[in-house]
Amino acid sequence: MEASDILNAIHARLAEKWPDRTIYLDTCPAEVQRPSICLLVEKHDWSDANRSLIRQDLQLRLILYDAPDELNEGPWYRLTADFEQAIKLLLPVLQVDSRHLQFTCKALPRESDRAYAQINASWLDPRPTPEAGPETPAATTTQVRIEIKNH
């Protein structure tokens, strides 16, 4: 499972809720179309879990942009409601390929026209094996050396 698979699964869930909004994946241009959503990979770490598994930790940033009014500000209650709905969409288990991921979500400080959330996921994968190359031939002879010392 790749980070892009997770981004696509979250995108599908958000697009189902807000089909009229632009959702930017792994990018957030300086001038976004409003209202819109940006979903960015902030960190993707791999570490040893044990001899046969690796642990992947993914940290995402979700940014909700509200449509500004004539004063170039959006009503706080509309953005708050959208933000809460977005978090509720991500709390149930999300199926990605044959796996099921449970996210942890954390609200971050917001601005008047945008809200931020940090989304974390972790999972275990089999340790990658080296490419199959030519097999090392079996030994045909051995040599043993025995040394005996008297005390």
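Helices (H or I, at least four residues) and strands (E, at least two) are DSSP runs, numbered from the N terminus. The model used in these exercises is predicted, so local features need pLDDT of at least 70 and side-chain atom pairs count only at pLDDT 80 or more, while totals for chains, interfaces and linings use all residues. Residues are numbered from 1 along each chain as its sequence is written, and side-chain values use heavy atoms, with hydrogens and water left out.

**Exercise 1. Find the disulfide and describe both of its ends.**

Step 1. A disulfide is a pair of cysteine sulfur atoms within 2.5 Å. The structure holds one.

Step 2. Cys28 and Cys38 are the partners, with an S to S distance of 2.4 Å. Their link is right-handed, with 75° about the S-S bond.

Step 3. The link ties distant parts of the chain, 10 residues apart: Cys28 is in the loop between S1 and S2, and Cys38 is in strand S2.

Step 4. Cys28 counts as partly exposed because its relative accessibility is 27%. Cys38, at 0%, counts as buried.

Step 5. Cys105 is in no disulfide, and the nearest cysteine sulfur, that of Cys38, is 17 Å away.

**Exercise 2. Describe the nonpolar cores and the contacts of Leu101.**

Step 1. A nonpolar core is a set of buried Ala, Val, Leu, Ile, Met, Phe, Trp, Tyr and Cys residues joined through side-chain atoms within 4.5 Å. In soluble globular proteins, nonpolar side chains tend to be buried together.

Step 2. The largest core has 30 residues; among those with the most contacts inside it are Ile6, Leu60, Leu101 and Phe103. Helix H1 (3–17), S2, strand S3 (53–65), helix H2 (76–90), S4 and S7 each give two or more residues to this core.

Step 3. A second, separate core has eight residues, including Cys38 and Tyr116.

Step 4. Contact means heavy atoms within 4.5 Å. With neighbours within four places in sequence left aside, the contacts of Leu101 include Met1, Ile6, Val96 and Trp123.

**Exercise 3. Examine the backbone at Pro35, Asp26 and Asp97.**

Step 1. Between Arg34 and Pro35 the peptide bond is cis, with omega near -10°. Pro35 sits in the loop between strand S1 (22–25) and strand S2 (36–48).

Step 2. Asp26 is not a glycine, yet has a positive phi of about 55°. This residue is in the loop between S1 and S2. Asp26 counts as partly exposed because its relative accessibility is 45%.

Step 3. Asp97, also not a glycine, has a positive phi of about 55°. The loop that holds Asp97 runs between strand S4 (94–96) and strand S5 (99–101). At 55% relative accessibility, Asp97 counts as exposed.

Note on methods: Buried means under 20% relative accessible area, exposed over 50%, partly exposed in between (1.4 Å probe, protein chains only).
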